[in-house]
Amino acid sequence: MTATPAPHPALRPGSLGPLDLPNRLLVAPMTRCSARPDGVPTEAMADYYAEFAAGGFGLVVTEGIYPDAAYSQGYLNQPGLATEEHVAGWRAVTDRVHAAGGRIVGQLMHAGALSQGNPHREDTLAPSVVLPLGEMMPAYGGSGPWQLPREATAEDIEEVVDGFVAAAGNAAAAGFDGVEVHGANGYLLDQFLTEYTNQRTDEYGGSTADRVRLTAEVVERIAAEVPEGFVVGVRVSQTKVNDVVYRWSGGAEDVVVIAQALAKAGADYLHIASEGRSWFDTARLADGTTVTGLARETSGLPVVANGGMHDVDQAERVLVAEHADFLAVGHGALANPDLPHRWAAGRELATFDAAMLRPDVTLATSNRWRQAG
Ligand SMILES: Cc1cc2nc3c(=O)[nH]c(=O)nc-3n(C[C@H](O)[C@H](O)[C@H](O)COP(=O)(O)O)c2cc1C
């Protein structure tokens, strides 16, 4: 008689605050620049998100959605949550995901200085007048140098926070199970958290506690206003789309300050991203602990780890050694929308093919790639 192998720890149920999930596997947020020009989600987007739900992912986190019709939009054909039409469009997506047995959280994203396509404004907004590193990303519809942003006034900051709060209300109206505040990867909230993009001398600049204040305020205001049972998560990262080697200069101390500030603000979970790098690379701290593990221990919140989590052995290690509670899968989910079902059945994963996102990250390009395969 052969013993049945124990199921992978990622296939055990768990809770993200008020939201019970059948397993520990999340689809990582991935921008696809496939909405209508006015930001209304399309049927192709509903098909795309429903496929992950049907494939067994416990939770789908959407691509970054722009919250306001002012400075927040980052890409042309990015979806929004700022108008009634956006709400109606997303309702069709959330219905499809729920009908497929899944759950869906909308990621709210303000691009700040890293906006490379925004029909609502000609200029860009940032904590300080600092030219972003690198150049715009052609796969997301941009090209050439970034704009020099203008410094956000106190009034601008209030408008940003109000925009996030209104969009969270719209997300609830559109049938989402929650929202994830995008505080990662170099976008506006991360520009506030990062030393070299935040040179402010008001309460939003200076120490780590001051630089994380805006993200915490956004979380706190949203948490205070959304309906009971609606999840409010927040994503942070050290690396950025335009700076993959950046690390928090305060090391473990920064991790604790950031994690505790966001927990105090009322976040239901912390999602720690590894843009452009693996979890192992971005999470290791000098003393052998990990960013995700330390954030988990000091915040008391469930932590989502990210970065190469389709590696079945790494996924097991991270959960068993309590470096995190949940795993967000990006490239591995694109190649395997049914990854949880494959792991449950002991089936091999398909390898991600970069051609799926070339020359751009749109669903049309990926669908063409699938049809050709
Ligand atoms: C096409 C694409 C678009 C992405 N867009 C977003 C986004 O909108 N918001 C976000 O937080 N991260 C975004 N990311 C980063 C992923 O969520 C994830 O952190 C990254 O791919 C690393 O995880 P992986 O190794 O599992 O792919 C994107 C990644 C890809 C490949």
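## A tour of pockets, ligand and cavity

The structure is a predicted model, in which local features need pLDDT of at least 70 and side-chain atom pairs count only at pLDDT 80 or more, whereas totals for chains, interfaces and linings use all residues. Residues are numbered from 1 along each chain as its sequence is written, and side-chain values use heavy atoms, with hydrogens and water left out.

**Second largest pocket**

A pocket is an open set of points on a 1 Å grid over the protein atoms alone, with protein on both sides within 12 Å along at least five of seven lines; a cavity is a set of points where a 1.4 Å probe fits but cannot get out, and lining residues have an atom within 4 Å of a point. The second largest pocket holds about 230 Å³ of space, a volume being the space filled by probe spheres set on the points, which are joined across faces, edges and corners. Next, colour α10 (312-320) and α12 (339-345), each of which gives at least two residues to this lining. Helices (H or I, at least four residues) and strands (E, at least two) are DSSP runs, numbered from the N terminus. By class, the lining of the second largest pocket comprises nine nonpolar, three polar and two charged residues. Here Ala, Val, Leu, Ile, Met, Phe, Trp, Tyr, Cys and Pro count as nonpolar, Asp, Glu, Lys and Arg as charged, and the others, Gly among them, as polar.

Turn now to the largest pocket, with a volume of about 790 Å³. Of its 36 lining residues, P29, M30, Y140, E275 and H331 are the closest to its centre. Both β12 (326-329) and α11 (331-335) supply at least two residues of this lining, and α11 gives the largest share, three residues. The lining of the largest pocket has 17 nonpolar, 15 polar and four charged residues.

Display the ligand: the space that it takes is the largest pocket, where a molecule sits in a pocket if more than half of its atoms lie within 2 Å of the grid points. Around the ligand are 19 residues, and P29, T31, R235, N306 and H331 come nearest; a residue is near a molecule if one of its heavy atoms lies within 4 Å of it. This shell divides into seven nonpolar, 10 polar and two charged residues.

- T31: an N or O atom of its side chain is 2.6 Å from an oxygen atom of the ligand.
- N185: an N or O atom of its side chain is 3.2 Å from a nitrogen atom of the ligand.
- G308: a polar backbone atom is 2.8 Å from an oxygen atom of the ligand.

On its own the ligand has 610 Å² of accessible area, of which the protein covers 93%; such areas come from the Shrake-Rupley method with a 1.4 Å probe.

**The cavity**

Across the whole structure, a search finds one cavity of 30 Å³ or more. About 40 Å³ of space lies in the largest cavity. Select V236, W248, V255, I258, A259, L270, I272, V291 and A295 to show its lining. Two or more of these residues come from each of α7 (251-264), β10 (269-273) and α9 (291-299), with α7 giving the largest share, three residues. The lining consists of nine nonpolar, no polar and no charged residues.

**Two backbone details**

Select P359, in the loop between α12 and α13 (363-372). The peptide bond from R358 to P359 is cis, with omega near 5°. Finish at C33, in the loop between β3 (25-27) and α1 (43-54). Although C33 is not a glycine, its phi is positive, at about 45°.

Definitions and conventions
Polar contact = N/O pair within 3.5 Å; in protein donor to acceptor, adjacent residues only side chain to side chain.
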